[in-house]
Amino acid sequence: MPLLAMPMRPAPCYFAALVFALLVASLALPFPAGQVAAAETAIHEPFDGPEPSWHLRSTQNGARIVRQTRTRTSERTTGTAGHRSVERLGIQCPGGYSALLEHSLGNLPVLDELDLVVSIRSNRAGVQMAVEVVFPRSTSPTTDLPLRALVYSSRYSQTGRWQTLRLSRLQLLVERQARLLRATPGQEVDVREAYVDRMVLVVPGGANETSIEVDDLVVFGVLATEASAGGENRPGTESKNNAEGPLLQSARGGRKVRELAPVEVRRRGPVLMVAGKPFVPRILQYRGESFSMLAQLGFNGVWMEEVPSVAVLLAAHDAKLWVVCPPPSPEILAKIKPNGPWQSVLAWSLGFNRDARSLDQVGSLADETRLHDPLHRPLLVEASDRHRQYGRLADVMVTRRRPPLVQPPRRAKPKQALPLLGCSEWTSVDLEWSERATAQCQAFLPKARHLGWHPPLEIQRLVLDEVAAGARGFVFRTRHPLGGNDPESRRISLQLQILHRQLEVLETWVVHGKRTNSIELDGIGTTAWRIGRSRLVVLPVARDKKGSKAMDSKRATPAEDVTLSGIPEAASAFLLTPGGLLPLVTHPTLGGRRLARDDLAAGGLLLLSDDRPAIAGWKRRSSAGAEQAAKLWRRLALAELLQLESIDGQLATYPKDVDSLPIDRLKQGIRQCDFYLARKDYPRAARLAQQLRQAIAQMEDHTATKVAGREKWLSLPTQYSLRTLPSHVALQDALDSLPRADNLLAGGDFEGLPEAKSAGWTHAKHEHSSIDTAVQFTSDRPQQGQASLRLSAQAKSGIASVPEPAPVVWITSPRVQARPGSIVEITGWTRVAGRPAGRGALPPGELLVIDSLGGEEIGLRITGASDWQPFRLVRIVGQEGEIGVQFALNGPATADIDAVMIREVQRPNMPATTATKLAPSPTTLRSR
């Protein structure tokens, strides 16, 4: 056989060499020790669930999402087998700017093996994929939170076609980005322990709407503990609130779920006990934020509106956050293991804003949950009415509170814990305006951005008042995610950090202290707690409309003194500031001690004690983190001062409306604060910053009162925010000069019951055990015509006090049709006489004027109008084209109402044939 025809057989030495070469090559692969299996793990989001998961990052360029949905499609030719949906978004963004879409991923460590892939289709080229990297060992100079940076990758170029964007070699890209960041003077960047917590799509803007579809987000190279362990959600209700965003399921199947140590959570009286220790929750309504960021802000829990996945529970546990969520289905609930991920649950939620209509449903859910829950977690509900009935169903009752927009807050009356069958009383605090109020303000100022956040100091006042009133936990509610880069979001984040530090200080007193109301401040009872020979007093905030006298260095007269009655003569006084204990000078007097009024004017916490070891202990505890807390207060005071200065400059063109403000004196206070910080006198620095913020808030009140002072009972959405006051002045001038059309509302002259009923007016009342109500037509000096409508409420005979004010009787107008987008004006006349409810009762009631477009938050609260006074509400009609008005008595009072009208305000480009300068006579009002 010829040599070339013979079969070739490799020699044994060749096989050995080949095996050795393969072994060496495998050892040279770039996997870290102990993580060889990491590259085989992938997490996958196919966007098949019902809930959209991309969020728009808050920016100042006017970008907004106009539509967003998960849509079934058969147009994809690639992707996961069997997948049926994509997420579609429509985005409006000005040309030259970009919108940032975020999708949370959880905390994925930065490794070179990390590989991220996403498929998109858009009508606009240039969409760029990026990831946000967090450097936990480095601090941002603007937020005092861990430094964050975007790392970019490929761009979308195939307009109208599906294209896959990929980001690889992440570790190298992060190192390059860190070098760029270090070029900023004073910025140190430590890349150790860096992690990725969200994917970002940078969507360029333009003249038309940008349409984008997203599908198949896949992450390779994730450690097994970061991947989802599978879903235990109720079928058909997959959560959008997972580890730090939407559910990411393992493409290669789930791995063994990590076990957690069992923890007992029980209610003992008004206090929640966790592992046998008292626990005061500080919980945020979850909107997809990073768990690590929430922990940095000081939260110790999140409230989710849907059943979370196992990945969520594990991620929350790792961030030391408790979870409040709805219970899963009974089948899943009964199978919960004592050492499983559900140990992260603090309480089962029975829902937000529950009322009488959902009482039976909540009762069934409560019975079902208690029957099947092996963990025996407490049940929690937020109720808007029927509190006693809900108190029998739940272990924790949450009462909703909103910082006021119209009037200064009433300080909560000191009281004992909620008397509802032993419930623990929590308070939910809205950080934002209601959706309707925000929409109205945005409609009048469409180019304004980041509207609708409550002032940080008002949030702090409300929370401290609720602590004084007996709240044992807090839920902070938002409609948008925290952590934005706009000035308003940054101020809210700073305030929350400060507030959580104060609540941590108060926890010991609220839980372990004995409540006492024996201490009086100039004859006014204050809320105080007593532990041993030490007492903590919650000081009320003085609200001087002309600014804080404590900041006035030009006063020639000495500061007035106030007397604290009911304290031992040997007790020393300290202000418990975020920067530590600040000693106060006191003088003995008959029955108590005298202190300077200026020391107490800004409110806060006053520690009184003659126990030296206890004082030393409080000094040690309060000194922890004192420098950071004092700097936070100073930063927030400066941010609020700069805003006030900017608004004051814009209002300078209206000298008749607004007096000049002492900005220079406040800046001098900032410099003095810096002097204290340089000397490391953190208590004085924190206290001075607190006084500065109080003075700024009083000047803001003064400015708002001056600007809106032309009409006492006016509600225009732009008058409730300091930032919109310059626009409000111009808008009010423009509206006053425009003509009004014919009246759209029939029956508002209240000439008699038949006419009002035929027009569609309705009457309702809330049956109350301590208040009698009545609605009648009266001929007692009507404003127009022969009669007016009278609402009355008074305490029943023998009742010495009434509960906190709440609507007890009301009338509602029929809905009238107006052109969508038109400006309408609701006007009328009223006189209100409050009726005291008895000794020790709350203040007399008030008349609420609430329209269907703006809601109660920006409605009018009328008191003290003993003679006829006009009122006016100005709104923009929504797409539904309907508007109505409601009048309600809030507590004991008598209110007369007459000549109510709803009219369109005629703009210059509207036809003038239907407009009239004069209001029609009440006797000639046409029906709808």
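Which residue stands opposite L848 in β47? The residue is A888. The structure is a predicted model, in which local features need pLDDT of at least 70, side-chain atom pairs count only at pLDDT 80 or more, and totals for chains, interfaces and linings use all residues. Residues are numbered from 1 along each chain as its sequence is written, and side-chain values use heavy atoms, with hydrogens and water left out.

Helices (H or I, at least four residues) and strands (E, at least two) are DSSP runs, numbered from the N terminus. Two strands pair if DSSP finds at least two bridges between them. Strand β47 spans residues 885-890. Five of its six residues are buried, so the strand is mostly covered. Buried here means under 20% relative accessible area, exposed means over 50%, and partly exposed lies in between (1.4 Å probe, protein chains only). Strand β43 (residues 846-851) pairs with β47 in the antiparallel sense over six bridges. Strand β40 (residues 807-812) also pairs with β47 in the antiparallel sense, over five bridges. In that pairing, T812 stands opposite Q886.

An open sheet is formed by five strands in the order β2-β5-β10-β7-β8, with antiparallel pairing. The edges are held by β2 (55-56) and β8 (146-155); each has a single partner strand, so one side of each is left without a neighbour in the sheet. Strand β7 (residues 128-139) pairs with β8 over eight bridges in the antiparallel sense. V133 stands opposite A149 in β8. Helix α2 (residues 170-182) lies across β7, β8 and β10 (195-204). It runs at about 125° to β8. Axes are lines fitted to C-alpha atoms, for helices over the stretch in contact, and angles run from 0 to 180 degrees between N-to-C directions.

Two helix pairs were examined. The axes of helix α13 (residues 626-650) and helix α14 (residues 663-678) come within 11 Å and cross at roughly 165°. That makes α13 roughly antiparallel to α14. Angles under 35 degrees count as roughly parallel, over 145 as roughly antiparallel, 65 to 115 as roughly perpendicular and the rest as oblique. The crossing of α13 and α14 is left-handed, meaning that the near helix is turned anticlockwise from the far one by less than a right angle. Residues making the contact (heavy atoms within 4.5 Å) include A630, L638 and L641 of α13 and I663, L666 and I670 of α14. By class, this contact has 10 nonpolar, no polar and six charged residues. Ala, Val, Leu, Ile, Met, Phe, Trp, Tyr, Cys and Pro count as nonpolar, Asp, Glu, Lys and Arg as charged, and the others, Gly among them, as polar.

Helix α15 (residues 682-707) packs with helix α16 (residues 725-736) at an angle of about 10°, and their axes are 10 Å apart. The two helices are therefore roughly parallel to each other. T703, A704 and V707 of α15 meet L725, H728, V729 and Q732 of α16. This contact has four nonpolar, three polar and no charged residues.

Helix α15 also holds Q690. Q690 is buried, at 7% relative accessible area. Leaving aside neighbours within four places in sequence, Q690 is in contact with Q460, A602, G603, G604 and W633. Q690 and G603 are 87 residues apart in sequence and 8.8 Å apart in space, C-alpha to C-alpha.

R402 is found in the loop between β21 (396-401) and β22 (424-430). At 40% relative accessibility, R402 is partly exposed. Its contacts, neighbours within four places in sequence aside, are D430, S434, L462 and E857.
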